[in-house]
Amino acid sequence: MTIALFGTSADPPTAAHGDILQWLSDRYDRVFVWAADNPFKGQQTPLPYRQAMVNLLVRSLNRPNVEHHPELSHPYTLYSVEQVKQRWPGELFTLVVGSDVLRKLPQWYQAEKLLGQVQLLVLQRPGVVIDPQDWQVVQRLCPHVELANYRGPAVSSTTYRQQRDAQQLPPAIAQYIQEQGLYSQP
């Protein structure tokens with residue numbers, strides 16, 4: 001069985017997150033997704049709100065093989081991967097990351113140990129150019145790295161927080177944000 005692991009800060013989850021999950025669900029037996037605090041980012045919306053939004057996103061997709069696993073949430077991805085490996089021993093795991101994290105990936109907590117336990121799938125983010133040197137460093141750390149043939153929508157959580165354009169969000173998440181009064185301050 002193949003399992004894609006997609007941990008994200010999801011602040012908030014956008015239409016792009018949904019598109020990625022649908023794309024992954026067509027290629028993997030199971031897709032595990034969760035929100036987590038990112039140690040490289042400053043102030044983030046409290047995690048319980050982000051987990052609730054990821055859950056809404058997963059439910060709205062109606063894809064049985066896309067599963068929200070909030071128990072995998074940890075600021076260090078290594079711990080999430082170790083939990084998965086304990087619960088589903090012997091399975092093939094692919095860690096999914098955006099191309100925007102390639103430069104910082106070698107600085108992740110115990111990056112070499114982490115990347116030795118998984119295959120790595122890099123999704124090209126619109127507007128992000130992959131530096132060949134960054135790619136080479138990641139290839140040395142992870143012998144099983146692949147650049148996905150995927151082009152998603154040019155939507156990001158950062159852009160949503162800056163512009164507050166609800167069209168960048170799935171309707172259920174836009175409604176949740178409004179009900180909870182999230183992201184109302186610039």
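Trainee: Is cysteine 142 buried or exposed?
Mentor: First, a caution: this is a predicted model. Now the case. Cysteine 142 has a relative accessible area of 1%, so it is buried. The cut-off for buried is under 20%.

Trainee: Where is cysteine 142 found?
Mentor: In the loop between helix H5 (132-141) and strand E6 (145-147). Cysteine 142 touches Leu115, Val118 and Leu120, leaving aside residues up to four places away in sequence.

Trainee: How do I read a nonpolar core?
Mentor: Start with the general idea. Nonpolar side chains tend to be buried together in soluble globular proteins. In this model, the largest nonpolar core has 31 residues. Those with the most contacts inside it are Leu21, Leu24, Leu121, Leu123 and Ile177.

Trainee: Which helices and strands each supply at least two residues of this core?
Mentor: The strands are E1 (2-8), E2 (30-35) and E5 (119-123). The helices are H1 (15-25), H2 (47-61) and H7 (171-180). H2 gives the most to this core, with 6 residues.

Trainee: Which residues does leucine 24 touch, not counting residues up to four places away in sequence?
Mentor: Ala4, Phe6, Val31, Val96 and Leu121. There is also a second, separate core, of 27 residues.

Trainee: How do I describe two packed helices?
Mentor: Two quantities do it: the angle between the axes and the distance between the axes. Take H2 and H7. Their axes come within 9 Å and cross at roughly 150°.

Trainee: Why are H2 and H7 described as roughly antiparallel?
Mentor: Angles over 145 degrees count as roughly antiparallel. The axes of H2 and H7 cross at roughly 150°, so the two helices are roughly antiparallel to each other. The crossing of H2 and H7 is right-handed.

Trainee: Which residues make the contact of H2 with H7?
Mentor: H2 brings Tyr49, Ala52, Met53, Leu56 and Leu57. H7 brings Ala172, Ile173, Tyr176, Ile177 and Gln180. By class, the contact has 9 nonpolar residues, 1 polar and no charged. Ile177 also has a place among the residues with the most contacts inside the largest core.

Trainee: What should I look for in the backbone?
Mentor: Most residues other than glycine have a negative phi, and most peptide bonds are trans. Then look for departures. The peptide bond from aspartate 11 to proline 12 is cis, with omega near 0°. Proline 12 is found in the loop between E1 and H1.

Trainee: What is the phi of asparagine 62, and what is that of tyrosine 183?
Mentor: Asparagine 62 has a phi near 55°, a positive value in a residue other than glycine. Tyrosine 183 also has a positive phi, near 60°.

Trainee: Where are asparagine 62 and tyrosine 183 found?
Mentor: Asparagine 62 is in the loop between H2 and strand E3 (66-68). Its relative accessibility is 66%, so asparagine 62 counts as exposed. Tyrosine 183 is in the segment after H7. At 11% relative accessibility, tyrosine 183 counts as buried.

Trainee: How do I compare distance along the chain with distance in space?
Mentor: Check both for a pair of residues. Glutamine 168 and alanine 16 are 152 residues apart in sequence, and their C-alpha atoms are 8.0 Å apart. Glutamate 71 and tyrosine 160 are 89 residues apart in sequence, and 26 Å apart from C-alpha to C-alpha.

Trainee: Is glutamine 168 buried or exposed?
Mentor: Buried, because its relative accessibility is 9%. Glutamine 168 is in the loop between helix H6 (157-163) and H7. Beyond residues up to four places away in sequence, glutamine 168 touches several others, including Thr14, Val155 and Tyr160.

Trainee: And what of glutamate 71?
Mentor: Glutamate 71 is partly exposed, with a relative accessible area of 34%. It lies in the loop between E3 and helix H3 (77-87). Setting aside residues up to four places away in sequence, glutamate 71 touches Gln83 and Arg87.

Definitions and conventions:
Residues are numbered from 1 along each chain as its sequence is written. This is a predicted model: local features need pLDDT of at least 70, side-chain atom pairs count only at pLDDT 80 or more; totals for chains, interfaces and linings use all residues. Side-chain values use heavy atoms; hydrogens and water are left out. A nonpolar core is a set of buried Ala, Val, Leu, Ile, Met, Phe, Trp, Tyr and Cys residues joined through side-chain atoms within 4.5 Å. Buried means under 20% relative accessible area, exposed over 50%, partly exposed in between (1.4 Å probe, protein chains only). Helices (H or I, at least four residues) and strands (E, at least two) are DSSP runs, numbered from the N terminus. Contact means heavy atoms within 4.5 Å. Axes are lines fitted to C-alpha atoms, for helices over the stretch in contact, and angles run from 0 to 180 degrees between N-to-C directions. Angles under 35 degrees count as roughly parallel, over 145 as roughly antiparallel, 65 to 115 as roughly perpendicular and the rest as oblique. A crossing is left-handed if the near helix is turned anticlockwise from the far one by less than a right angle, and right-handed if clockwise. Ala, Val, Leu, Ile, Met, Phe, Trp, Tyr, Cys and Pro count as nonpolar, Asp, Glu, Lys and Arg as charged, and the others, Gly among them, as polar.
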